[in-house]
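Biologist: Hi! I'm new to this one. Could you put it on screen and walk me through it?

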Amino acid sequence: DLKYGRTTHSLLQAMSHFNPRFIFTSPEELKMPKEYKDFLDRRGIEYIETDSLDAYLNDCDILYMTRVQQERFTDLDEYERVKDCFVLDAAKMRLAKEHMAVLHPLPRVNEIAIDVDTDPRAAYFRQVENGKFVRMALILKLLEWQNDESRTFDHGGEAMECKCPNPLCISNLEPVRPRFEHSEGIVRCVYCESEAK
């Protein structure tokens, strides 16, 4: 899910500092948004787009899997059409490099079969454990800063005369003030990245 997956968007931006090469694999409906491809183009970072997991699997040093996020879809028929497009299993792992790492932000739904869990290249459980320690360190730092008046925290974006079109967005479900970012003619919700109409 390259369209709605915030982890893929932030990972792409973080990795841009290390001269990577990306292979974006998704169905047509979930392709990487143009603004992120433009970001890579401006930095001269190479990427390929494909709808075949198998075609480039042997080229990957890191395979970053994500789930198709049902909560991001306003059209449930579209979700049903794409939810099972790519499933990584032991058979596909035989096509991959011996030292490739498989990462996933978790939770998974069905995009990584359980038979991959015992493969030494499956690094997603270590990834989640390490993420816990990083979050602990960040929380500690925030607690240290809590009385520092020179530091302010906000969600970014602006309070525009918009409403997020995603009925499952936190801004439509909880008393959270809607916030939007405007980039290259597109207005997006800062919480779920849905395009405002």
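Modeller: Happy to! The chain has 7 helices and 6 strands, where helices (H or I, at least four residues) and strands (E, at least two) are DSSP runs numbered from the N terminus. This is a predicted model, in which local features need pLDDT of at least 70 and side-chain atom pairs count only at pLDDT 80 or more, while totals for chains, interfaces and linings use all residues. Residues are numbered from 1 along each chain as its sequence is written, and side-chain values use heavy atoms, with hydrogens and water left out.

Biologist: What pattern does the chain follow along the sequence?

Modeller: It reads α-β-α-β-α-β-α-α-β-α-α-β-β. The C-alpha atoms fill a box of roughly 50 × 40 × 35 Å, taken along the principal axes.

Biologist: And how many of the residues count as buried?

Modeller: Of the chain's 197 residues, 36% do. Buried is under 20% relative accessible area, exposed is over 50%, and partly exposed is in between, using a 1.4 Å probe and protein chains only.

Biologist: Let's pick a helix. Which residues of α2 are buried?

Modeller: Helix α2 covers residues 34-43, and its buried residues are E35, Y36, K37, D38, F39 and L40. What covers them includes the helix α1 (6-15) and the strands β1 (22-25), β2 (47-50) and β6 (186-189).

Biologist: How do α1 and α2 pack?

Modeller: Their axes are 11 Å apart, at an angle of about 5°. Axes here are lines fitted to C-alpha atoms, for helices over the stretch in contact, and angles run from 0 to 180 degrees between N-to-C directions. That angle makes α1 roughly parallel to α2, a label for angles under 35 degrees; over 145 is roughly antiparallel, 65 to 115 roughly perpendicular and the rest oblique.

Biologist: Which residues make the contact?

Modeller: From α1 there are H9, L12 and Q13, and from α2 there are Y36, F39 and L40. Contact means heavy atoms within 4.5 Å.

Biologist: Switching to strands: how do β5 and β6 run?

Modeller: Antiparallel, with 4 bridges joining β5 (residues 180-183) to β6. Two strands pair if DSSP finds at least two bridges between them. H182 has V187 of β6 as its bridge partner. The hairpin has 2 residues between the strands, and E184 takes a positive phi near 50° there.

Biologist: Now aromatics. How many aromatic pairs are there?

Modeller: The search of the whole structure finds 3. Rings of Phe, Tyr and Trp (its six-membered ring) pair if their centres lie within 6.5 Å; planes under 30 degrees apart count as stacked, over 60 as edge-to-face and the rest as tilted. One of the pairs is F22 with F24, stacked at 5.6 Å centre to centre with 15° between the planes. Another is Y124 with F125, edge-to-face at 4.9 Å and 65°. F22, F24 and Y47 form one aromatic cluster.

Biologist: Are Y124 and F125 buried or partly exposed?

Modeller: Y124 is buried at 0% relative accessibility, whereas F125 is partly exposed at 46%.

Biologist: Last topic: how many disulfides are found?

Modeller: The count is 0, where a disulfide is a pair of cysteine sulfur atoms within 2.5 Å.
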